[in-house]
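User: I am new to this structure and would like to go through it step by step. Please show it first.

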Amino acid sequence: MNFQDLNLNTPLYNALDDLGFTTPTPIQAEAFGVVSSGKDVVGIAQTGTGKTFAYMLPILKNLKFSKQDTPRVLVLVPTRELVVQVVDEIEKLSKYINTRVLGVYGGTNINTQKQQIAQGVDILVATPGRLYDLAVSRVLQLKSIQKLVIDEVDVMLDLGFRHQLINIFDILPERRQNIMFSATMTQDVDDLIDDFFISPQRVSIAISGTPLDNIEQERYNVPNFYTKVNLLNAILQDKETFNKVLIFVGFKRMADRLFEALDETFSEESCVIHSNKTQNYRLRSIEQFRNGENRILVATDVMARGLDIDNITHVINFDTPDYPENYIHRIGRTGRAEREGHSILFSTVKEQDALERLEELMKMKIPFTEIPEDVEISTELIEEERVKIKERNNPTKRKDQDAPGPAFHEKTEKNSKENLGGSYRREIAKKYKKPKTRGDKNYNKNNKFKK
Ligand code: AMP
């Protein structure tokens, strides 16, 4: 396929010529028709795949010249660096089109941006916070937005922007096309799609089998968190082979929990990154891992994505990702530049379905390895692993025939609120969280974790 097949227009062809681009990248070819159709779209693609043009080509092709000053296209991105980069890309592509592109982000003078907006904009690229401030100030009118693009939505949600996004949805016109791009699928992204998108079309680039060729994969069936920790401890003993190890976990809480567990044995050699850590902490962790000071890095999917670290000897998937694409991204961090990479996957019984899905995607079975005999099988469970016992049909359960039935009137919203113990108690509970113990002490008392 080449760009001629997309039936673009002369100004776009000229711009592409100037850039020296002749063939659409896979995500551009795949997304063009869907974005042009006007339906809601969810695209799964990483930075570097040409995803900016994947949504901008169809948008620019269909954007008619207009004298109106209020923006018609809004692109939301998580960081100011991305604002600059996306504006730059759009300007290159719209070199021969009369469109006004503007980027706005926080941390700079808002008044300058207000003046720029007042001069008229067609395509606005923004970080969510600054966009909202500008909209609230009434200088920026969002009533003409026809297309909303949310780029790097996984990062945006991981940085805690969900609330701001919802506030922005509230002030946008209801009739609009939503276009969303994400590099990884996470539960948060899925929830956002469910809540705000109308049966979106999904486009993702088919993952080819070839890059996997130089990654040796193996997998273990492991019953629970602490047995995973024991197995990991055993594996990491071989410092020479396991020289630069990136360990993936799905959630921030798990990342902290695992880091804490590893710290007992490998405190001098391990570090952790996820979005609740400060920027400085993250940078320090990455640098220590990069320069070899620490050979073990624990990371969440979203945070590990921006990392560009060479010579990772092993990727260890501490959990089996629900979304198979994430597994492919994870293991792609090793085996770069023709070197052989290694990937190890841990799966519990609950994670077998996810395992099947990713084997189906790769069209291959991951070789299975038994847990070595000297690895302790723990019976201790973390909170998330315990079965919640619900008494459903207990025949001896007391039934009070005289108990009052449901109230005749629906309670008012105010009266139906759950008593959470007063804002002060909630604040204190939030501030001090839970004590740092391994789950519930009473539960674990008779079930001691053996090292
Ligand atoms: P992105 O994934 O949008 O960050 O794009 C990654 C880089 O690929 C950017 O520098 C683009 O200018 C470039 N690019 C986008 N589309 C093409 C294409 N069809 N052919 C070659 N390079 C491209």
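User: How many helices and strands are in the chain?
Analyst: This is a predicted model. Its chain has 451 residues, of which 46% count as buried. The chain contains 17 helices and 13 strands.

User: What part of the contacts with a separation of 6 or more comes from residues 24 or more positions apart?
Analyst: The contacts in question are those in the chain with a separation of 6 or more. Of these, the share made by residues 24 or more positions apart is 75%.

User: What share of the accessible surface of the chain belongs to carbon and sulfur atoms?
Analyst: The accessible surface of the chain is about 25,300 Å². Carbon and sulfur atoms account for 48%.

User: Within what arc do the buried residues of α6 fall?
Analyst: Helix α6 covers residues 128-136, and its buried residues are Pro128, Arg130, Leu131, Leu134 and Ala135. Seen down the axis of α6, these buried residues line one face of the helix, because they fall within an arc of 165 degrees.

User: Which elements do the buried residues of α6 pack against, and which residue with a positive phi follows the helix?
Analyst: The strands that the buried residues of α6 pack against are β2 (73-76), β3 (101-104) and β4 (123-126), and the helices are α5 (110-118), α7 (153-158) and α8 (162-171). After α6 comes a residue whose phi is positive, near 70 degrees: Arg138.

User: Why is α14 largely enclosed by the rest of the structure?
Analyst: Helix α14 spans residues 324-331. Its buried residues are Pro324, Glu325, Asn326, Tyr327, Ile328, Arg330 and Ile331.

User: Which helix gives the largest share of the shell around the ligand?
Analyst: Two helices, α3 (51-62) and α4 (80-93), each supply at least two residues of the shell. By class, the shell has four nonpolar, nine polar and two charged residues. The largest share, three residues, comes from α3.

User: How much of the accessible area of the ligand does the protein cover?
Analyst: Of the 15 residues around the ligand, Thr23, Gln28, Gly48, Gly50 and Thr52 come nearest. A nitrogen atom of the ligand is 2.8 Å from a polar backbone atom of Thr23, while oxygen atoms of the ligand are 3.1 Å from one of Thr49 and 2.7 Å from one of Gly50. On its own the ligand has 500 Å² of accessible area, and the protein covers 75%.

Notes:
Residues are numbered from 1 along each chain as its sequence is written. This is a predicted model: local features need pLDDT of at least 70, side-chain atom pairs count only at pLDDT 80 or more; totals for chains, interfaces and linings use all residues. Side-chain values use heavy atoms; hydrogens and water are left out. Buried means under 20% relative accessible area, exposed over 50%, partly exposed in between (1.4 Å probe, protein chains only). Helices (H or I, at least four residues) and strands (E, at least two) are DSSP runs, numbered from the N terminus. The arc is that of the directions from the helix axis to the C-beta atoms. Contact means heavy atoms within 4.5 Å. A residue is near a molecule or strand if one of its heavy atoms lies within 4 Å of it. A polar contact is a pair of N or O atoms within 3.5 Å; within protein, one must be able to donate a hydrogen and the other to accept it, and residues adjacent in sequence count only if both atoms are side-chain atoms. Accessible areas come from the Shrake-Rupley method with a 1.4 Å probe; for residues, only the protein chains shown count as cover. Ala, Val, Leu, Ile, Met, Phe, Trp, Tyr, Cys and Pro count as nonpolar, Asp, Glu, Lys and Arg as charged, and the others, Gly among them, as polar.
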